[in-house]
Amino acid sequence: MRHPKYWIKDAVFGTLSLLESWQTAGFRAILLYHCVGVDLPSAVPLKLFRRQMAHLKSNYDVVPLRDFKNRENSNGSPGLVAVTLDDGTLDNYTQALPILEDLDLKATFFIVTGCIGGRYRATYYETPAMNKRQIRELSLRGHEIGAHTVHHLSLRGLAREHVVAEMRDSKRRLEDLVEHPITSFSYPFGHFDPQAWSCAREAGFLSATTTYEALVPRQNVDWWALPRIGVDSSVGMAQFRGKVSPALEAYERLRGRR
């Protein structure tokens, strides 16, 4: 059962998103998912994920992160959204992929390469990870494969050579697997520092994502510290509609965080 605070957030976001002044034209957002349709902490239920993806399909231009930077997004166009899924867990293939394919939406899957064909171990759970064939199929279907390190370690404060190895080894293995360049990276836990930021650039990534929750700014974008909007089981549809709109910035201002 959802905590009452989430119903309050639904109400606040729902109200903000209904205000005429919060139009979605010209805005940009990157969504962050983990598990979908499985009995794990914070996993988004399957029916809710389908409703969320259908909402995106009806209201926004949805593109993989690799296409985000060069996509035209003027004030006269719909909002631009990228859907990203972190870690490379098996449910991303068995549960999320069929919905994405049914709606003809392309997403970005960030893979922990040390878990391929095995199990992904998080703080409070573990679950099967995708294998090589499944990752290759995602790529062949037009979805983007991104790097998420080898061992899913926090990169903040690590020795530089360790950070470089985690980034470059994961990038190289994925490029060998899908046979094309890997240009997007996701910092594990969203943790990064100036050293990790510079390593991401030097490794050849064209973008890197964090877990800082905000819309992508219209100007002066730091492409190696991109914000993302987290979506988990606590996010109802009213809150989802509000978060994927300029209402997100209004909500953060109400909380005094902007």
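This is a predicted model: local features need pLDDT of at least 70, side-chain atom pairs count only at pLDDT 80 or more; totals for chains, interfaces and linings use all residues.
Residues are numbered from 1 along each chain as its sequence is written, and side-chain values use heavy atoms, with hydrogens and water left out.

I start with the rings. The structure holds 6 aromatic pairs, where rings of Phe, Tyr and Trp (its six-membered ring) pair if their centres lie within 6.5 Å, and planes under 30 degrees apart count as stacked, over 60 as edge-to-face and the rest as tilted. Phe 27 and Tyr 60 have ring centres 5.8 Å apart and planes at 75°, so this pair is edge-to-face. It links distant parts of the chain, since Phe 27 sits in the loop between α1 (4-18) and β1 (28-33) and Tyr 60 in strand β2 (residues 60-62), 33 residues apart; helices (H or I, at least four residues) and strands (E, at least two) are DSSP runs, numbered from the N terminus. Phe 27 is buried at a relative accessible area of 3%, and Tyr 60 is buried at 8%, where buried means under 20% relative accessible area, exposed over 50% and partly exposed in between, with a 1.4 Å probe and protein chains only.

Tyr 33 and Phe 49 form an edge-to-face pair as well, with 5.2 Å from centre to centre and 90° between the planes. Here Tyr 33 belongs to strand β1 and Phe 49 to helix α2 (residues 46-59), 16 residues apart, and both residues are buried. Elsewhere, ring pairs link Phe 185, Tyr 187, Phe 192 and Phe 205 into a cluster.

Now to the buried polar residues. Asp 86, in strand β3 (residues 79-87), is buried with a relative accessible area of 3%. Its side chain makes a polar contact of 3.2 Å with the side chain of Ser 186; such a contact is a pair of N or O atoms within 3.5 Å, and within protein one must be able to donate a hydrogen and the other to accept it, with residues adjacent in sequence counting only if both atoms are side-chain atoms.

His 152 lies in the loop between β7 (144-147) and α5 (160-178) and counts as buried at 12% relative accessibility. Which side chains does His 152 join in a polar contact? One is that of Asp 87, at 3.3 Å, and another is that of His 148, at 3.2 Å.

Finally, the charged pairs. The structure holds 12 salt bridges, each a side-chain nitrogen of Lys or Arg within 4 Å of a carboxyl oxygen of Asp or Glu. Lys 243 and Glu 213 meet in one of them, at 3.4 Å from N to O. Lys 243 lies in helix α7 (residues 237-243) and Glu 213 in the loop between β9 (207-209) and β10 (229-230), so the pair ties together parts that are 30 residues apart in sequence. Lys 243 is buried at 6% relative accessibility, whereas Glu 213 is partly exposed at 22%.

Glu 101, Lys 106, Arg 133, Glu 137 and Arg 141 are linked in a network of salt bridges. Within it, Arg 141 bridges to Glu 137 with the closest N and O atoms 2.8 Å apart, and Glu 101 to Lys 106 at 3.3 Å.
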